[in-house]
Amino acid sequence: MSGAGSGQYEVFHRKNMTEPMVHAGSVEAADPRMALLLAKETFFRREHPIGIWVTRRDDLHPLAETDVLEPGTDKSYRAIEAYTGIAKKREAVEEGLA
Amino acid sequence: MIEHSEEAFRGRVERGDLIEAGDWMPDSYRLGVLKFLEMHANSEIMGALPEREWIPRAPTLRRKMSLTAKVQDEVGHAQLIYSVAQDLGKSREAMLEDLIAGKTKFHNVFHYPTESWGDVALIGWLIDGAALVTQHALLKSNYAPYVRILKRVCAEESLHLKHGEDITLELAGGTRAQRALFQDALNRWWEPIMHFFGPSYAPANDSLLMWRFKTRSNEELRQEFLNRYVPRIWSLGFSLPDPELREDPATGSWRYTEPDWNVLKQVVTGNGPATARRLALRRASYAEHAWVRATLQGGTHAEVA
Amino acid sequence: MNNPPILDPKVRAALVAYLLPWADDELILGHRDSEWTGFAPILEEDLAFSSIAQDELGHAALIYHLVADLTGENPDHLALRRPANAYRHAPLVERPNGDWAYTIARHYLYDLADSARLEVLSGSSYGPLAGIARKMAREEHYHRLHGEMWWERLAAGTNESRERLAAAARAVTPLVGAVLGGTDGQEILVAERILPGIPAGLAADWRDLARPFLIALDPELGRLPDEAPEPRELRPASADFLALHAEMTMVSASGLGERW
């Protein structure tokens, strides 16, 4: 569809106040006002989100190089699992000091 | 960097990779999937037509609302599936125009007229039941954008199934005349239902099966449908117009009179009993709304007086 | 609902006379709106307008249930089993849908009248009525946003859309007043504050809401006569309604069964 405002809009919704905005899908509409009103009945007939956003498809920019998202070298120090041995270590230190 | 070749793609498919909208794909996959999605979306928008005739005639307020909601869901499915299909390179407008020009297909069952409230019950229970068998199997498809929307489609179709069963049970447990309405519908709709799953191809001839876009054969799906619904139809005291229909005790599979596949071909190529009338309705509606579509272009202040 | 407040017979009769035409308005308008399902101008709009139709039918159901609580009748029988001449809706709602402009004009102008009515009824001294009015008002808010969106889009879109909307508004505007027309015994309801607003007041509220939108389309349209709407009266069914009624009652009155 041509035209300054018209076209495809991507729809986001928030389920409740402790959740982030999540993508729901896309609607065709003439402008954001129409996109918001139509999104409600396109995606949320059976749900009651507490908020809806729309943005033009053209304003969404996907990352082309998705390979850079894959895991690389060992960054296990970023995860709490790296410290599963800490209880044992504490025991040993306390014993050594006793 | 993923290699762009049919061989590499086949490797991905055989590894069980899910395919995403922007991935490189051979033409045979892309065009095959697009055609399949287009037919599914077309079927949803054409499927709305037989049932919407009965919204004005619904016999209670609640059925009036629930039938409206059901048909609304079918239109919603069309919206979801056209959106997915669009990302494979054909605009929604082009797909709608090809549909009403008779150039593309929709499922056989939506080429038949409805005659009574018995048809509403049957369509809601058995046709939606058949659709759910195929759509549930497609949840294992390797085309990810389709699987994502199919989750919602299947959830809504499961509701439709219960709705259709509810209407059927009122007829089945109702007056003799109400039972006759449903039996009459069964007699007329059984052949189209058997046709719905398509002929039993050898898997090697089904390219979407080879590409793992589809994961189950036509015959497997038909058998699943028969196994689930025939005993229930019989237990409600209704008969089916196929004297050969029975479960083979040795194999557990269902035997039936082989449908006439020429009839199916005739119907889906545009010669069903209601095809011309329904496409004409859609064409007229599309033409009638051209002036509305014109207001959707160009922002809020286009050529004003 | 169980145990509605006990009413004096005269008050009850006046309330039924008030509610039934309103229920019929919502039913017939919902029926007309539902005819667009599958055929609206864009797929997403098909979904929105179908929900609006379901809302109207749902409102009708709420009001028929209220009447049923007062009279002991079956709500589905009230809705779908009366003879054509016994329906009391305003002529506006039975008109065929026409083009999209006619549908939007009717949708928006009717909903402005309905909003005025609901605002007043939300303060009714009759609890069950105030309760359903508040429920309906929330859905009417969406209807108004939706109607206004389309009204403004058609008014500012193309020459053709503007002309179609103006023609539709000219046809619809004279018929809206009747939606707010007085019913038998209404003065009793006003005295009891079951109806906290009189018809002439509601009609004036509607005119204030609609006037800016009508003037923007055509200054002539903004010249709304400052008169009280004609009272609601039983009238013989029109050809449009006879056709609608025949279809609407085709299955329910077929005699094939009582439960569906």
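Reader: The radius of gyration is taken over C-alpha atoms, and the globule rule is 2.2 Å times the number of residues to the power 0.38. What radius of gyration does chain B have?

Author: Chain B has 21 Å, which agrees with the value near 19 Å that a compact globule of 305 residues would have. Please note that this is a predicted model, in which local features need pLDDT of at least 70, side-chain atom pairs count only at pLDDT 80 or more, and totals for chains, interfaces and linings use all residues. Residues are numbered from 1 along each chain as its sequence is written, while chains are lettered from A and ligands numbered from 1 in the order in which they are written.

Reader: And the span of its C-alpha trace along the principal axes of chain B, what is that?

Author: The trace of chain B covers about 65 × 65 × 35 Å along those axes.

Reader: How many helices and strands are there in chain B?

Author: Chain B holds 12 helices and two strands. Helices (H or I, at least four residues) and strands (E, at least two) are DSSP runs, numbered from the N terminus. Their order in chain B, starting at the N terminus, is α-α-α-α-α-α-α-α-α-β-β-α-α-α.

Reader: What share of the residues of chain B count as buried?

Author: Of its 305 residues, 41% are buried. The term applies if 20 or more other C-beta atoms lie within 10 Å of a residue's own; with 12 or fewer the residue is exposed, and in between it is partly exposed, the C-beta atoms being placed from the backbone. As for contacts (C-beta atoms, placed from the backbone, within 7 Å), 75% of those in chain B between residues at least 6 apart in sequence join residues at least 24 apart.

Reader: Let us take L37(B). Why does it count as buried?

Author: L37(B) is buried because 25 C-beta neighbours lie inside 10 Å. Its place is in helix α2 (residues 27–52) of chain B.

Reader: Which residues does L37(B) touch, not counting those up to four places away in sequence?

Author: L37(B) touches I81(B), V84(B), A85(B) and Y146(B) on that count.

Reader: Switching to the interface: how many residues of chain C are in contact with chain B?

Author: On the chain C side there are 41 residues, in contact with 40 residues of chain B. The elements of chain C that give two or more residues to this side include α1 (9–34), α2 (43–71) and α6 (127–156). Helix α2(C) gives the most, with 11 residues.

Reader: How do the residues of that side of chain C divide into nonpolar, polar and charged?

Author: The side of chain C that touches chain B has 19 nonpolar, 13 polar and nine charged residues. Here Ala, Val, Leu, Ile, Met, Phe, Trp, Tyr, Cys and Pro count as nonpolar, Asp, Glu, Lys and Arg as charged, and the others, Gly among them, as polar.

Reader: Now chain A. What pattern does it follow along the sequence?

Author: Chain A runs β-β-α-β-α. Its radius of gyration is 24 Å, well over the 13 Å that the globule rule gives for 98 residues, so chain A is more spread out than a compact globule. The C-alpha trace of chain A spans about 75 × 35 × 15 Å along its principal axes, and 22% of its residues count as buried.

Reader: In what order do the three strands of chain A form the open sheet?

Author: The order is β2-β1-β3, with antiparallel pairing; two strands pair if DSSP finds at least two bridges between them. The edge strands are β2 (22–29) and β3 (51–56) of chain A. In β2(A), E10(A) has S26(A) as its bridge partner, and G7(A) has A29(A).

Reader: How many of the residues of α2(A) are buried?

Author: The count is zero among its 12 residues, and α2(A) is hardly covered.

Reader: One last topic: what is the phi of R212(B)?

Author: R212(B), which is not a glycine, has a positive phi of about 65°. Most residues other than glycine have a negative phi. R212(B) lies in the loop between α8 (207–210) and α9 (218–235) of chain B. In chain C, R193(C) likewise has a positive phi, of about 60°, without being a glycine.

Notes. Contact = placed C-beta atoms within 7 Å.
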